[in-house]
Amino acid sequence: MSGLVAGVDVGNATTEIVIVRDGVPVAWDRVVTRGQKGSPSSLAGAAALLRRLERGLGEAVAEVVMAPMRPVRTTTVEMPAVAAGSGRLRIVAAGSPTPGGEGVAVGRPLRLTPGDLPHGEDVIALVPRDLGYAEAARLIRAALDAGVPLPGVLAEGDEGRLIANRIGAPLPVADQVDVAAVAAAERVAVEVRPPGRPLRHLSDALFLAARLGERDDAPAICAELYDVSCAVVARFAHRQAGSVGPKAPEASVERAVADLSRVAATAGARAGTSRSRSLLVAEMSASAPAAPPVRLDLGETVPSGRAGAGEAGSGAVPVRRAPSEASAARAGALTTPGADGNSLVVDLGGGTVDVVGPPGEVVAAGAGDLLTAAVAAVLGIPRGAADWVKRGPCVRIETPHVALGEDGSRVFLDSPAPPGAVGWLAVPGPAGPLPFSAAMSPAEWRNLRLAVKREVLGATVRRALDALDAPDSLCGRGPGGGSVVVVGGPAGDDEVLGVLARELPPGTVVGRGNVAGVLGHRYAVAYGLATGAYPQE
């Protein structure tokens, strides 16, 4: 009987091991990777997992096979949005969740004080935070009663609705505005629309050109405002060299997706930067990949050939180096029933996406960890919560017993939801419903979630396919399409096949891997390493 061989895949997120005998998997498991991929702690975690599997088998492995390890670090950086030709116009606020009133107003900004306001020229009242909504509403009513042309209000606090409800006139009231910055402007325009309705005037370049007197800058401003319901645009005396404006709201699907960087990195190179507000960077080491250790210290292990799981001895196991993770992933993925030798393999990992075909391989930074970072950045939630939120459909908790699904259906909850979760979107979490946002509907989050997945996973696969020197038929671009096998942890996402299929022409066969017919979508690298079916160096 042949000895046992272990394929050890130390990934950026998880460490997976498959033990085979004569090519047949006999034991497998995975754990979270300790520390950075390739670090001593990550190797210690792999050794501990291997020892556990050996104890379960009652037999030690004769050989371990590993691939070169290249760590990937995923980072989120807030960047100002830069628009070519941004000049005297600037977006001061966009997408406040609590504006009041409705309509559009243009005028000279003027701080609201107990003194008299000027007559004759339209003014936009600026309400400082310390004034309070009740006093602000009283002063605005007094100014309107005195005939002051006051068509709009900007509040520094979050009291737009409270002010609008107390002034007795249908004025647009935008809140959460930097009134100190607006006070330095020559003219300011404010528009408030009903929730969910797009702007009609501040997204109209001709309107901005006519009312604010800046035609050249208007298109860049309007491009930022097509999908918001409330905005404030100001004209300053001098041209602005910096950002066009602040970050748009989380509920804005198109704007949030536009904020994601188009991460552009391949193996051995750093990710390129993008002029976007939320820069999501997946970075790989620029140094050449280091070979794995020649021996993996397993400490106390079960001697080969001994049946007693409790009997142990000491020793280290020789480690054989495979050419690359990508080649091992292809070897493992192609054991999926229905796959063939011409199938393209897409291995979605925590840090990288490996696209491997007969002509070669491309390793691109930007995968599961980047998707988690993107969801966390868009929703403003911790990455731990984002890892659950990104996985699939949500519900909105309507009452402690009823939830609204993304398709509009209402379902009864198995157990009452916590009172604090009512009105919030929630997903199944590690300890029951996990609330994550009260700022959008379930259908809006579905659109945003799928858009983020297309922007992160879809875009990374698209870049890798463009870089891979493969015939069109293998990449699904030729007549009759091709076939693609998707493996890796993120391949378990119920929505990922649809996301990737949209990046390929119609007719491309896209399927989820089932490694060796029993291992599912994971373990492609580990099984490929263990069987040695990859191209040799």
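Modeller: Let's start with strand β8 (residues 123–127) and strand β9 (residues 152–155), which run parallel to each other and share four bridges. Strands here are DSSP runs of E with at least two residues, helices are runs of H or I with at least four, and both are numbered from the N terminus; two strands pair if DSSP finds at least two bridges between them. Within this pair, V127 is placed opposite A155 of β9. Side chains leave β9 in two directions: G152 and L154 point one way, V153 and A155 the other, and all of them are buried. Buried stands for under 20% relative accessible area, exposed for over 50%, and partly exposed for what falls in between, using a 1.4 Å probe and protein chains only.

A word on the source before going on: this is a predicted model, in which local features need pLDDT of at least 70 and side-chain atom pairs count only at pLDDT 80 or more, while totals for chains, interfaces and linings use all residues. Residues are numbered from 1 along each chain as its sequence is written, and side-chain values use heavy atoms, with hydrogens and water left out.

Now for the sheet around our pair. β8 and β9 belong to an open sheet of seven strands with mixed pairing, ordered β6-β12-β11-β7-β8-β9-β10. At its edges are β6 (89–94) and β10 (173–174), each of which pairs on one side only.

The model has another open sheet, again with mixed pairing, whose five strands follow the order β18-β17-β16-β24-β25. Its edge strands are β18 (360–365) and β25 (509–512); each has a single partner, so one side of each lacks a neighbour in the sheet. From one strand to the next the twist averages 15°, taken between axes that are lines fitted to C-alpha atoms (for helices over the stretch in contact), with angles from 0 to 180 degrees between N-to-C directions. β24 (residues 483–487) pairs with β25 in the parallel sense over four bridges, and there V485 has G511 of β25 as its bridge partner.

This second sheet leads us to helix α8 (residues 325–333). Nine of its nine residues are buried, so the helix is largely enclosed by the rest of the structure. Among them are E325 and R330 as well as A326 and G332. The cover over α8 includes β16 (344–348), β17 (352–357), β18 and β24, along with β1 (5–10) and α13 (524–531); contact here means heavy atoms within 4.5 Å.

Leaving aside residues up to four places away in sequence, T335 touches N514, V515, A516, G517 and Y527.

In the loop between β25 and α13 sits Y523, a residue other than glycine with a positive phi of about 70°. Most residues other than glycine have a negative phi. Y523 is buried, at 6% relative accessible area. D22 also has a positive phi, near 55°, but D22 is exposed at 56%, in the loop between β2 (14–21) and β3 (24–32).

A few side-chain details may interest you too. R391 lies over the face of W388, 4.2 Å from the ring centre; the rule asks for NZ of Lys or CZ of Arg within 6 Å of that centre and within 35 degrees of the ring normal. Searching the whole structure for disulfides, that is, cysteine sulfur atoms within 2.5 Å of each other, gives zero. Two buried cysteines are C222, at 1% relative accessibility, and C394, at 3%.

Stepping back, the protein has 13 helices and 25 strands, and 52% of its 537 residues are buried. Among contacts with a separation of 6 or more, 65% join residues 24 or more positions apart.
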